[in-house]
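Hi there,

Here is the structure I promised to pass along. Please have a look, and then read on for what turned up in it.

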Amino acid sequence: MPEGDDHAGDGPSPDARSTELAERLKLVQERLATAVDSAGRTPGSVELLVVTKFFPASDVERLIELGVRTFGESREPEAGRKIAEVRAASATPPPTFDMIGSVQTKKAGGVARWARQVQSVDRTRLVDRLADAAATALDDGDRDAPLGVLLQVSLDGDPHRGGLVEGDLSAVAERVAEQEALDLRGLMAIAPLAGDADRWMSELARIQHDFTARFPDARVLSAGMSGDLEVAVAHGSTCVRVGTAIMGERPLLSQ
Ligand SMILES: *Cc1c(COP(=O)(O)O)cnc(C)c1O
């Protein structure tokens with residue numbers, strides 16, 4: 001199903017998609033609230049990022065109507081185009097978009113113009129490019145605050161999934177902290193498919209504990225997706241990134 005062809009507003013019943021999104025969003029919000037409560041954490045302490053990659057701007061607009069203001073996107077330049085379209089139709093308060101997918105160094109300029117945070121920073125060269133790009137975006141008035149940075153942690157060391165192994169986190173974090181146009185906020189991880197999510201998340205919690213001892217202001221922990229948000233919240237996640245459970249299945253080609 002190509003982007004733009006799914007459930008867009010030109011079908012016979014344009015409101016069916018909004019109804020579906022509203023129902024699924026409510027279920028996920030309830031799951032999240034239950035998980036936060038079970039973990040004995042403060043209500044509202046975990047942000048829900050709705051991952052709209054591969055879905056059209058019209059779906060983002062439907063979600064804004066439903067009150068969602070925090071979104072995750074993963075591909076540039078498609079994301080930048082979609083966000084420009086969404087922002088042209090103003091909303092109060094305005095929506096924010098995080099980059100959660102791997103960023104090609106040459107695409108840093110585009111991402112720095114629209115992202116609240118880049119959650120997938122995993123190399124020094126990318127830090128340098130994002131710093132330059134964010135400084136330019138600030139000068140040009142394309143953004144009014146430094147670009148937030150989360151370092152992506154690799155839990156299993158698989159280079160294909162991206163991310164930094166634990167031993168490399170501090171050096172890259174120091175590099176981010178040196179940049180005026182960047183703001184080091186914390187860590188992000190994707191639990192590997194193999195193995196027990198609970199084990200991976202407790203490993204991540206340990207890594208984060210050591211990381212915040214060195215970088216006490218960088219306390220964001222972005223972990224948990226459609227399938228494992230409860231486990232992530234139990235282990236201290238402050239941001240869950242949920243796509244499928246709200247949007248439905250992505251087209252196969254997109255995975
Ligand atoms: C696509 C994606 C998600 C959403 O995953 P779902 O299983 O669809 O909820 C979360 N995080 C990242 C980094 C992603 O690329």
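Predicted model: local features only at pLDDT ≥ 70, side-chain atom pairs only at ≥ 80, totals over all residues.

The side chain of R185 meets that of D183 in a salt bridge, with N and O 2.8 Å apart. D183 is partly exposed too, at a relative accessible area of 31%.

Another one joins E166 and R206, whose closest N and O atoms are 3.0 Å apart. This pair links distant parts of the chain, 40 residues apart: E166 sits in the loop between β5 (147-153) and α6 (169-177), while R206 belongs to helix α7 (residues 197-214). Both ends are partly exposed, E166 at 33% relative accessibility and R206 at 35%.

R206 also forms a salt bridge with D210, the closest N and O atoms being 3.4 Å apart. Within helix α7, R206 and D210 are 4 residues apart, which means about one helical turn separates them. D210 counts as partly exposed, with 38% relative accessibility.

Elsewhere, salt bridges with shared partners tie R17, E20, D59 and R62 into one network. D59 and R62 are among the buried residues of helix α2 (residues 57-65), along with A57, V60, L63 and I64. After α2 comes G67, with a positive phi near 100°.

Happy to talk any of this over.

Best wishes

Conventions. Residues numbered from 1 in each chain as written. Heavy atoms only, no water. Buried < 20%, exposed > 50% of the residue type's maximum accessible area, 1.4 Å probe, protein only. Helix = DSSP H or I, 4+ residues; strand = E, 2+ residues; numbered from the N terminus. Salt bridge = Lys/Arg side-chain N within 4 Å of Asp/Glu carboxyl O.
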